[in-house]
Amino acid sequence: MPGITVIRFAGTDDTSHFSAEPSGVIVRGLSQVRSEFNGRDVFSANSSRGLSWQDISPELLGGIDTYKNQTADLIEGGIAGTVNLRTRVPFDSPGQLISLSVKGSYGDIAEEPTADISGIYSNRWMTGIGEVGLMVNGAYSHAITGSQGIQFERIGIFDNVFGPGLQYIPSGIFLRDNEYDRKRYGVAAAFQWKSLDETMQVTGQYNRSQYDNSWREHSIFSSAFNPDLYGRPSDYRYTDNSQVAPLQGTAPFAFDSDGDFLSGWWSAPRPYVGEGNDNLGLGVNEAGQAFYNRCYAWEGCTNARRAPQVDTAANALSNKQITQDFGLNFRWDVTDRLRVTLDGQYVDASVSNYNASVLARTYANTFVDLSGDYPRLQFSSGTADNINLSPGGFTNASNYHYYAITDHTEDSEGEEIALRLDAEYAVDSSWLDAIKVGARYADRDQTVRWGAYNWANIANTWTYSQAPYFNINRPVYPGGSNAIHTFGQDFFAGNQTNQHSFVFYNMDRLVDRETLASTLGRPALGVGEYYPVCSGAGYRAGETVTGDYGCYLPSEIHRVSERTAAAYAMAKFGGDGLAIGSVKISGNIGVRLVWTEDATVGATTFANPFNATDLTCVRGVDGAGNPTATAGCVITPAEIAFNNGATVADTTRVNHFHALPSFNIKFDLTDKLVSRFAYSRAMSRPDIGLLRNFLNVNRLSPNLSDRTDPNVTRDAAGNPIAYDWQYTGTSGNPGLKPITADQVDLTLEYYFARAGSLTFTGFYKQFYDYIQAGQFNLTIANNGVTEQVRLNRPVNGEGASIYGAEASFQTFFDFLPGPFDGLGVQANYTYVKNDGIETVNLTNETGAGTAGGGISYESSTVKANALEGVSEHSFNLVGMYEKGKVSARVAYNWRSKYLVTAIDCCVGLPIWQGPTGYLDASLRVRATKEMEFVIEGSNLLGTDTVLYQQVDSTGLLKAASWFKNDRRFQVGLRLTF
């Protein structure tokens, strides 16, 4: 269908994890797509608002309806469009239906066969009270998918360092090997009753989908200067080679004509490791030598460089999402003109997630070759300048130390009750067909428990007492905490590294949160800085809520109650009496009135109290004779009162009202030529996470030595005597208004054959209150003191627009001689242009602006100035064959480059995806009336997903990553009776 594309990343701000299965839908370049189940509300219980599409088993579906413009009787919320997933009901079939489907699936990277199985039983019976129908449908699907990637860290820009002009060198290179294990369980049941006179019908439906997904990722990272780039301004340029240079005794770096790094042995600056035998306290090798060699020029050492780091990272994720939907519908034809429909619904959803990673670090002299189609790393295992390794190189655990750990959990849940009444009256008129009115009430409660990603260090290059726990095979760590993982010889394109076996943290211990805590947590070991989730200690002190997967601080819990009420009226017009000359006219006009009330529970937490050291005033002079002072000299009683560490609970209630008119008209220009015009005002409520009602107030400590700081007051002698204390904060915004848009569609449709058509569509959307990240001052009072807080939070911005065009063509070549008369083609093209919508720059999990690599979007000077997910051009081309017992499809879909994220979680720069096309195919052969064989293939071209970093504000793009995913093949059998 034209105008519809899918999202293939696990998270829009995380471009390290490409999802082989679509994780979301974009309609005409916009993500505010309303999802429905059988015309009713449906959602996943995470920080977004709608459905995570991977939750639903496609085997349960009877059809999909897509609406790109609104009518008054559609439930509000789909400013980009509405997608309605319809499950089967008994009266869809003329009688008894028994069907069983079995498929085997295989991916050429994962190389793990899996199976899908689904079945349906449906029947209908005439009884003394009317016709009764019953249907039960079940589905199980299992897929193991491989994803392999090569990824650059942030590109470093060097100004006239390695030659004239600018040179571009990646600060690090990842080799990623990830295996996804997805299981999906689905159950659908339906009951129907129809009265003997067919004036009344009852439909009861139950749907349950469970989506279990996990990944196990092993990645290698080689870097010479990545840590130095962290937090630097996004337009930072190096002016010397102190951070990266050729390894001593090797050739100069090679660059292409654009300044892009091609090849060289890279080296890192040698760190300071103390004096005397201090470096023995950092860590030792198996021979008792200092792991980090002391090499200073004043001691006669001539090699000021060190081998680059080589990190191994084990990353495990476990995710479970369950959505249950209960619906009951009663339709009554009161008279031959009046129909009344009553509908009730209950939705129950939950999301649980655990994600953790452990990074181990070693070193090796490394040759980096970027001159081919893909990057290549050539390691000298066991050889590392200024590092004293033990024998065995990469396969000896003694050569590694645990550098960093990250963990995160989520336990979220939501439920909704909705009631709806519709009435339609058929009018006996030559121009007016019907009048339709209705009302709907919904009550939704959602609790999001989303724990922060906690980063912690264990061993490093600055703690001189860590030798007893430096090497990862030290006795302090339980046996079996590490294991060797081997990358296949055919990893990626088969020539990306000369070393394939490395030591990692044991993945089997990583997948269980409690096992990880007992293996590496400081409460269990007494070393390092890692305080696990549910430890209640260190930075996790204050955890008050325990869920199935984790424990949560008060600021990590977000409760929202939303009540909505809507009423509408719509007139359907048409008929023989409504025409302009010979042109028949039909359509509808209506208005929907919507009331929304949001109540969000949260709190404001103020900065921690000043301690005794903070309050101590010490005055002196610097080397230039200027007066100096500590912060205690400018702390007033008012600041002490404001900074009391208090948490003040708060519930915010906000009401919104919207009137949403709509008008749709169709012109039958001829018996084959049709034109349609549609206007509507649509709305889309904020994602649940953006309404987060928690504010943490942070104070900025003054630098009283900065004589240019206007916030410092000095006496005549230059002594600091007062300070205008500065405060910052980050929060969601419980007062956000829904986005609204006036939208127009105009079509011209030519139907030249029974299955042949050519259509053109132009569309335009004018937005109001578009939600973006904002920064402003907020006056906050605490303990009798009022201060200004510089706040980052989502805000409603000014209006903007998006416009475009679609074209589609379909036909069968039935004029050809057999058997070629079964050939056909479908083709469509979409053009989308964004006018004035800047990057949204928000993450709905926290309600905060996007940030990464130590850079926030607000502070970044490299701006994409584009809306995420919008490809200017996209097309689909499908070759078809329908003849007798054979049905075949070959489909190619393509989209032009688009912005994936305005600021990547880790690189800290905008990331774009290059033009990408995928080829899929299927073949169905009906051997008998009851038996059908199916062969399907996806990603048949083995398409590379290629990403680019935007390195400056002019839009200059440099390589970021390459991903390969399975070619997937399925063979199946369907039996139908």
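1. N783 lies in the loop between β44 (771–782) and β45 (785–796), where strands (E, at least two residues) and helices (H or I, at least four) are DSSP runs numbered from the N terminus. Although N783 is not a glycine, its phi is positive, at about 55°. Most residues other than glycine have a negative phi, and most peptide bonds are trans.

2. A word on the basis of this note: the model is predicted, with local features needing pLDDT of at least 70 and side-chain atom pairs counting only at pLDDT 80 or more, while totals for chains, interfaces and linings use all residues. Residues are numbered from 1 along each chain as its sequence is written, and side-chain values use heavy atoms, with hydrogens and water left out.

3. E111 is found in the loop between β9 (97–107) and β10 (114–127), and its relative accessibility of 45% makes it partly exposed (buried means under 20% relative accessible area, exposed over 50%, partly exposed in between, with a 1.4 Å probe and protein chains only). Another backbone feature to inspect is the peptide bond from G818 to P819, which is cis with omega near 0°; P819 lies in the loop between β46 (801–812) and β47 (823–835).

4. The structure holds 3 disulfides, a disulfide being a pair of cysteine sulfur atoms within 2.5 Å. With bonded cysteines counted along the chain, the pattern is 1-2, 3-4, 5-6.

5. In the disulfide of C295 and C301, the sulfur atoms are 1.4 Å apart. The torsion about this S-S bond of C295 and C301 is about -60°, so the link is left-handed. C295 counts as buried at 1% relative accessibility, whereas C301, at 28%, counts as partly exposed.

6. C534 and C551 form a disulfide with their sulfur atoms 2.0 Å apart, and because the torsion about the S-S bond is about 100°, the link is right-handed. This pair links distant parts of the chain, 17 residues apart, with C534 in the loop between α5 (522–525) and β29 (545–546) and C551 in strand β30 (residues 551–552). C534 is partly exposed at 28% relative accessibility, while C551 is buried with a relative accessible area of 7%.

7. The sulfur atoms of C617 and C633, which form a disulfide, are 1.9 Å apart, and with 95° about the S-S bond this link is right-handed. C617 lies in the loop between α6 (612–615) and β34 (619–621) and C633 in the loop between β35 (627–629) and α7 (637–642), so the pair ties together parts that are 16 residues apart in sequence. C617 is partly exposed at 40% relative accessibility, and C633 is buried with a relative accessible area of 13%.

8. On the chain as a whole, there are 7 helices and 58 strands. The radius of gyration is 32 Å, close to the 30 Å that the globule rule gives for 977 residues, so the protein chain is as compact as a globular protein of that length (the radius is taken over C-alpha atoms, and the rule is 2.2 Å times the number of residues to the power 0.38). The C-alpha trace spans about 100 × 70 × 55 Å along its principal axes, and buried residues make up 53% of the 977 residues.
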